[in-house]
Amino acid sequence: MAREVKISPSLLSADMSKLGEDVRRLQDAGADMLHVDVMDGHFVPNITIGPFVVEAIRKIAAIPLDVHLMITDPDKYLEPFADAGSDHITFHIEAVEEAGGLIKEIQSKNITAGICVSPDTPAEALADVAGDVDMILVMSVYPGFGGQKFMERVLPKTEALRAMAPERVNIEIDGGITADNVARAGAAGANVIVAGTAVFKADDMAAAIEQLRTNCRNALK
């Protein structure tokens with residue numbers, strides 16, 4: 001059975017003064033999830049939002065919250081983000097010494113668990129946990145800032161992770177994704193697509209989301 005393609009627009013590209021309005025626009029446009037980038041100014045050189053904002057989004061959003069923790073010591077902040085209403089939580093393999101326990105702790109809260117690899121981290125870093133998570137997130141830019149150019153060099157790693165992980169595990173890709181390059185991500189095995197600028201800067205948000213979905217689905221392995 002073919003894996004389902006899901007589009008998870010990044011709220012990093014939203015207008016924070018109109019966040020609720022943008023959440024509703026994304027839902028109406030057909031987004032499958034909302035990608036929430038959490039940055040702490042330590043693990044990455046930028047600071048974004050915390051649990052209180054996730055809680056506020058949860059009150060508005062009728063679709064799952066795909067929360068990406070780009071933070072040091074993610075285990076210390078799991079509880080607040082879980083309590084805020086996250087449906088899925090991804091943390092970075094680079095931020096922990098041992099990932100297995102945190103994966104189990106996330107899943108014990110009825111939340112799906114993901115693990116992320118930054119561009120310079122090899123696929124082999126996930127060999128011990130690829131079968132335990134619900135999703136693997138491949139960064140196709142360096143984490144910390146929106147608007148960066150897609151890195152083609154992560155595609156072989158994406159293919160390796162797709163081959164390594166069980167079929168039930170989703171492969172998500174995040175960074176510089178557009179309608180022009182999403183097919184290459186799909187061909188490498190990615191079926192969950194994070195897109196910020198490509199969605200928010202589009203004249204027709206619904207058409208942009210559908211184009212990303214169609215292009216990925218047609219190429220998906």
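1. Some ground rules. This is a predicted model, in which local features need pLDDT of at least 70 and side-chain atom pairs count only at pLDDT 80 or more, while totals for chains, interfaces and linings use all residues. Residues are numbered from 1 along each chain as its sequence is written, and side-chain values use heavy atoms, with hydrogens and water left out.

2. Which strands pair with β8? One is β1 (residues 6-9), which runs parallel to β8 and is joined to it by four bridges; there, Ser8 has Val194 as its bridge partner. Another is β7 (residues 170-174), also parallel, with three bridges to β8, and Ile173 is partnered with Ile193. For pairing, DSSP has to find at least two bridges between two strands.

3. Between β7 and β8 comes helix α6 (residues 182-187), and together they make a right-handed β-α-β unit. Right-handed here means that, with the strands pointing away from the viewer, the path from the first strand over the helix to the second runs clockwise.

4. Now helix α3 (residues 74-83). Its buried residues are Pro74, Leu78, Phe81 and Ala82. They sit on the same side of α3 because they cover an arc of only 95 degrees around the axis (taken from the directions from the helix axis to the C-beta atoms). Lys76 and Asp83, on the other side, are exposed. The buried residues pack against β2 (34-39), α2 (51-60), β3 (65-70), β4 (88-92) and α4 (100-108). After α3 comes Gly85, with a positive phi near 110 degrees.

5. Helix α8 (residues 205-219) has 15 residues and reaches 22 Å from first C-alpha to last, close to the 21 Å expected at 1.5 Å a residue (the expected span being 1.5 Å times one less than the number of residues). At its start, a side-chain oxygen of Asp204 comes within 3.2 Å of the backbone nitrogen of Ala206. The buried residues of α8 pack against β1, α1 (19-28), α6, β8 and α7 (197-200).

6. Leaving aside neighbours within four places in sequence, Arg213 is in contact (heavy atoms within 4.5 Å) with Val5, Ile7, Gly30 and Asp32. The side chains of Arg213 and Glu210 make a polar contact of 3.0 Å. A polar contact is a pair of N or O atoms within 3.5 Å; within protein, one must be able to donate a hydrogen and the other to accept it, and residues adjacent in sequence count only if both atoms are side-chain atoms.

7. Finally, His92, which lies in β4. His92 is buried, with a relative accessible area of 0%. A polar contact of 3.4 Å joins its side chain to that of Ser118. Leaving aside neighbours within four places in sequence, the contacts of His92 include Phe43, His68, Cys116 and Met139.

Note on methods: Buried means under 20% relative accessible area, exposed over 50%, partly exposed in between (1.4 Å probe, protein chains only). Helices (H or I, at least four residues) and strands (E, at least two) are DSSP runs, numbered from the N terminus.
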